[in-house]
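The following note sets out points for a colleague to check against the coordinates. Each point may be read on its own.

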Amino acid sequence: MMQSGLTVLPSVMTQPLPPFIQIAEHIQEALYKNLPVVALESAVISHGMPYPENRVTALMTEKIIRTAGAVPATIAVIDGVIKVGLTAGEMDRLAQDKNTLKLSSRDVLYAAANRLTGGTTVAGTLYVCRTVGIRFFVAGGIGGVNHRPEHKFDISADLLEMSRSPVVVISSGYEFPAFFSRKSGCKIPYHFGDIDSLAKTVHTYNTGGYPGGILIANPIPEEFAQDRDVIDAIIDRAIDAAAEEGISGKDLTPYLLKKINTDTEGESLNANIALIRHNADIGAQLAARCYQLET
Ligand code: PSU
């Protein structure tokens, strides 16, 4: 994973960044001082939720991370500049402008080269985290393998990037916990009941030279969890509709989220907001605890 603990400064401090990557000053300072910085993706703002819930949730998520003792860093590409930390105006633009792009890892530098604007997916955000030395990252959901490969075999770049980025990702899953429901029927290799035991293990990976990332699958809070059979049937119908309309690739997840939200009469959006907030709280506490263990 990342090299060993405290003595290692993030790569941002040891090599100059190209001019098209800009880190907000307070985040640069936090990285320099080795304070816990937690990245946030922005495709969830541009493509994952409707306005104004997307904007409200993004701001609230940053606040939760601050309250839990870490520094939030929302990442996006604005007019060709890869921004680590957004201004309120930039956040507004991503939330409201319907023409922004959804940027996976392969797309981020294309957007930079061509002065485009877009929200970064988990994969796109991980690429930036790796480049600037951010080690913790909170997301709502990750991309996965299309439920039914017979329609169109589709594997999200999120999975590849997580395997090769030395970053701890806190999300409510795709498999294991299954995003809207707390269980998926798939087994998870390790289970942690509290932040301290999780932090000890993450710290050991961080200092032990592990070359890949760690995915922390944090189940959706009980009161917002959907009945698995009910939500699976709704998701199945949405996948069928997508296949009928010829929707695939990067358009699939936004299409499904929208359709599932309509079909659950807004309940899935409430669930999505609740789980992101919960992930932000757990992720920031974990980052803060891991940084304490390093000092
Ligand atoms: N799942 C959600 N909400 C989201 C996404 C996934 O519940 O907003 C977004 C994330 O940005 C994720 C991306 O990284 O979709 C995955 O898209 P794709 O499968 O096209 O890689």
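**Notes on the predicted model**

1. Asp79 is partly exposed, because 13 C-beta neighbours lie inside 10 Å. Its place is the loop that joins strand 3 (71–78) to strand 4 (81–84). Although Asp79 is not a glycine, its phi is positive, at about 45°.

2. Asn34 counts as partly exposed because 17 C-beta neighbours fall inside 10 Å.

3. A cis peptide bond is present between Tyr51 and Pro52, with omega at about 10°. Pro52 belongs to the loop between helix 3 and helix 4 (53–67).

4. The largest nonpolar core holds 85 residues, and the members that touch the most others are Val38, Ala73, Phe137 and Val169. Helix 12 (residues 267–294) supplies the largest share of this core, namely eleven residues. In soluble globular proteins, nonpolar side chains tend to be buried together. Which residues does Phe137 touch, not counting those up to four places away in sequence? The contacts of Phe137 are Val38, Ala39, Thr125, Leu126, Cys129, Val167, Val168 and Val169. Two of these contacts, Val38 and Val169, are also named among the members of the core that touch the most others.

5. The ligand has 18 residues around it, of which Gly48, Thr121, Val122, Gly141 and Gly143 come nearest. Helix 3 (43–48), helix 8 (157–164) and helix 11 (252–263) are the elements that give two or more residues to this shell. The largest share, three residues, comes from helix 3. By residue class, the shell around the ligand divides into eight polar, seven nonpolar and three charged residues.

6. Glu62 lies in helix 4. Is Glu62 buried or exposed? Glu62 is buried, because 20 other C-beta atoms lie within 10 Å, and a residue counts as buried when 20 or more do so. Leaving aside residues up to four places away in sequence, Glu62 touches Pro72 and Thr74. Glu62 and Ala39 are separated by 23 residues in sequence and by 9.5 Å in space, taken from C-alpha to C-alpha.

7. Helix 9 (residues 195–207) has 13 residues, which at 1.5 Å a residue should span 18 Å; the end C-alpha atoms are 18 Å apart, in agreement with that value. The buried residues of helix 9 are Leu198, Ala199, Val202 and Asn206. Viewed down the axis, these residues fall within an arc of 100°, so they line one face of helix 9. The face turned away from this buried side carries the exposed residues Asp196, Ser197 and Thr204. The cover over the buried residues of helix 9 includes strand 8 (168–171), strand 9 (214–217) and helix 12. Gly209 follows helix 9 and has a positive phi, near 80°.

8. Just after helix 10, Gly246 takes a positive phi of about 70°.

9. Ala241 also has its place in helix 10. Ala241 counts as partly exposed because 14 C-beta neighbours lie inside 10 Å. Along the chain Ala241 and Ala287 are 46 residues apart, and their C-alpha atoms are separated by 40 Å.

Terms used. Residues numbered from 1 in each chain as written. Core = buried A, V, L, I, M, F, W, Y, C linked by C-beta atoms within 7 Å. Buried ≥ 20, exposed ≤ 12 C-beta atoms within 10 Å, placed from the backbone. Helix = DSSP H or I, 4+ residues; strand = E, 2+ residues; numbered from the N terminus. Contact = placed C-beta atoms within 7 Å. Near = placed C-beta within 6 Å. Nonpolar A, V, L, I, M, F, W, Y, C, P; charged D, E, K, R; others polar. Expected span 1.5 Å × (residues − 1). Arc of directions from axis to C-beta.
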